[in-house]
Each structure stands twice: as C-alpha cells, then as structure tokens.
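Dear colleague,

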Amino acid sequence: MGGMFGVVSTGDCVTELFYGTDYHSHLGTEYGGIILRNREGFDREIHSIRSTQFRSAFEEDIGHMHGNSGIGVISDYEPQPLFQETHLGRYGIVTVSRINNLEPLLRQAFNQRVHFSSMGHGGVNPTDVISYLINQGSTLVEGIQNALAAVQGSCSLLLLTDSGLYAARDRLGRTPLVIGRKEGAYAVATETCAFPNIDFEIVRDMGPGEVIRLTEEGYEQLVPPGQELQICAFHWIYYGFPASSYEGINVEVVRNRCGAACARRDMAAGDTQIDLVAGIPDSGTGHGIGYAEQARIPYRRPFIKYNATWARSFMPEEQRLRDLVAEMKLIPVRELIQGQRLLFCEDSIVRGTQLQDTIQMLYDCGAREVHVRPACPPLMYVCPFLNYSRTKTAMALAARKAIHEVAPEEADLSPYLDSASPRYQEMVDRVRQRMRLTSLRYQTLEDMVAAIGLPKERLCTHCWDHSSHF
Ligand code: SF4
C-alpha cells in the first residue's frame, strides 16, 4: 500500500525523517526513498527494500545528508521520491496512490506532447503522472486539487518545495494523513506510530481532500476538507500498525474490540468449548487478546514468530514461495497444542491457503480441535482503490471459491453477503471443510463497524459488501 512521512524543522531534520519514514516499513516492500531540502538545494536517495530493511539501506546516506525539511516514502510499487523542475517551481514529491484511469490520463498527456520516463521494469511511474497533473495548475494548490480530482482510485501526496511542505489527503480520505508537532518542528505521517519515539505529538488528522502547507512555524490550511469520508476499514483490521491511530481511533484498541465481539457471538451461541485462545501473529494478536479477555479463557502463543533472520519480509514473486516464507516464520510450541481445543483469531481469510497449512501444522502437533474466528466478514471483492496486493483476482478469495463450489452457476452474490441467510452458512461451511476446521465463525459487518467506532457511511467496506463511493 505504501506510507509517507514529511517534516519541517528549525534545525537539521535528517534523523526525524529517517526514523519517521522507517516507521512506515510495514506498509511496503519495494522501494524506500527520502529527499531533503537544504541551502545547496535538494538531496535525494532511493533504494530497493525488497531484501534489505529501510534502515540498513539508508544508514550510510543519512551520514552525509542534511536539511531542514524533507519527505520520505515506503513504496509498494514505484521508485520515489521524484524531483521535478516545473513552471510552478522545483519540488520533491511522494505519493500513496493507485491510478485506475492511467490510460486516459496518459492519452491526455501525450496529446499535449508530454512525455514520461519509463521505470526499469517498463510502464510509467504513477507518481510522475501525478506530477504531470499537478503541473497542469497555475498554482501548486490548483495543481494538487487537479491531481486529487483527476485520479480514479486514490491519491494522497506530499510535496517538498522551497516555500514549505505541502500535504494533501486523498479526496475521499481512503488513506490517512496525520499532522504532528514538537518544539521547533511540524510533521505529517500516514502512520501515527512514527511520532512518539521522535518526540512528536499528534495535532490532528487531515480531512478528506484537505491541503495544508507546513513550515517550521506551523501549518496553514489551503483547501478545507470535503464532507465525504471513505477511509479504508482494513487499516484497523490488518494494514495498520497496532500503535497507530486514524480518525483518533487506535488500531490495537479496535482489534481488541473485534476479538471481544467474536467472543460475545460465540458465548451467545453457546456452541464453542475451548481450552485456549491465540492470535495468528502478528495482525491476529490484538483480536485474540480481545477474545480471550471477553471470554475469560487463557491467551497463549502456540506459535512463536521467528523474526531474527526474517527481519525484513522477504517477498518472492511467486505466491507459493511467499506462503512458504510466512509458514517458515511460525514455529509451533507442541506443549501448548497437544490435546488442546484451540481457538485462533485471524485478521481475515484471503485465499486461505496459508492458513490451511498453519492449521495442518496444528493437527500434526496433536491439536484436538481447531476453531478460527476471522476479525472481519468473508472477503468477496478485491480492492479497486489501494495497491492492495494480497490477491488480484476475486475468484482466488476463499469465500468466492466456496461459492463457486456450492453453486457454480451463481451470479447473484447478495445472499452470501447476509450472515443470516442459509446460502451464507453453506459458503462458510465449505470454507470450514476445506480448512479442516472444527468451527469457523466470521465477524459480522455490523460488529466490525461497531468495533471501529465510525459511522458505516464514513468507512470504505467495499471488500465485504461492494458498497462504496467512487
Ligand atoms: S476496498 Fe477494501 S481494502 Fe480497498 S479501500 Fe475499501 S475496505 Fe480498504
């Protein structure tokens, strides 16, 4: 998906930029990049972070880089930041975006005889296209507004200029941006977990479509926020770092509430007898703790994640190898598994193949029963708004495969979206059978939305119910 960090300071800000950007490392696996502005001009570095942590990749650079303002990015797709010399002045740019209408935008640009350089693996750099849209404006603010309005998908961005740092949040707020402050410095981040250890405190979340300009003295609002918010609900369920908050709502707290809601459903049904609760590390942990606390059943770690040699998520191209890497990280503790009735909380079931292997490992270690409680409803649609790479095809989703198995001709998915309908139960039972689970009960959409705590119409829940504003 990607994450960004920007800072403007009365002193040198390279340390803040380095650590602030590094705290977004969980959001991308392809490129890391920073650009600083100093008296001599702009200083930029970009590195691949496919097999090296951001921190190791940039350790040497920060020794010789300096500046009073800077922006950084962890990118899941294109190399960034870009540096542009334009009629609006020079600027560095980073984006968290997905452009669904790339083709028409490129046609429009080519008709104006604008060209773009190709990326190493071919194709146009999406951030370059966003720069082109900005450069259509007669001012930076007009250009930024043009870019936010023209991109179908999502687009949040930071611009480092000679007159301050411009920050713009996606027009529907699909991805977050939060303003931070400390003595002599202002910052903006996708993830608020970037702030505490570099001594920033949260000022406030930016609103959807809002544009601000930060300087070391403060910030000014250049475009007020729009009314409509469609922040991705998955930030709380899976993407987000547990120590982060969006719209003032902390991720770990939401995960605890999700787990507690699953426990309440089970307790009301009275059909789940278990010995211990666990979370599939890492994103299932908060959900599991919430479940255990609510059900008053011990929380244990029957799997321990081995992080020492897998510090950076090594991400091979092939899905089979990615699953293998994920599996190799989890080491079972036989003493906690043998003869036990275990309940696992998981953030979500995407394709289900990796979870299936994990469950097999539990049975191999002597588990008596394995129950799974995903913290969100069955995933039915792929994401059209973010560079969400967990799967690209809807038919690869575990729930969609199950529907295809029980009703190969089924075109209408609506009965499968209603957790009270027999078809929904049939679909869930098919997923359960394939995974060899003792029981499987998904979170309901209502409980997930209540756990987040925003009104449903302020959240994007398109993955689950196809209901979203475009
Ligand atoms: S479709 Fe899903 S992943 Fe994409 S923004 Fe909406 S909730 Fe998030």
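Predicted model: local features only at pLDDT ≥ 70, side-chain atom pairs only at ≥ 80, totals over all residues.

Residues are numbered from 1 along each chain as its sequence is written, and side-chain values use heavy atoms, with hydrogens and water left out.

The structure contains 19 salt bridges, a salt bridge being a side-chain nitrogen of Lys or Arg within 4 Å of a carboxyl oxygen of Asp or Glu. In one of them, aspartate 162 meets arginine 90 at 2.8 Å, N to O. Aspartate 162 sits in the loop between β7 (153–161) and β8 (164–168), while arginine 90 belongs to strand β6 (residues 89–99), so that the pair links distant parts of the chain, 72 residues apart; helices (H or I, at least four residues) and strands (E, at least two) are DSSP runs, numbered from the N terminus. Aspartate 162 has a relative accessible area of 38% and arginine 90 one of 30%, and both count as partly exposed (buried means under 20%, exposed over 50%, partly exposed in between, with a 1.4 Å probe and protein chains only).

A further salt bridge joins arginine 181 to glutamate 201, with the closest N and O atoms 3.2 Å apart. Arginine 181 lies in strand β9 (residues 178–182) and glutamate 201 in strand β11 (residues 201–205), so the pair ties together parts that are 20 residues apart in sequence.

Turning to the helices, the axes of α3 (residues 102–111) and α4 (residues 126–134) come within 11 Å and cross at roughly 55°, where axes are lines fitted to C-alpha atoms, for helices over the stretch in contact, and angles run from 0 to 180 degrees between N-to-C directions. The two helices are therefore oblique to each other (under 35 degrees counts as roughly parallel, over 145 as roughly antiparallel, 65 to 115 as roughly perpendicular and the rest as oblique). Leu102, Leu105, Leu106, Gln108 and Ala109 of α3 make the contact with Val129, Tyr132 and Leu133 of α4, contact meaning heavy atoms within 4.5 Å.
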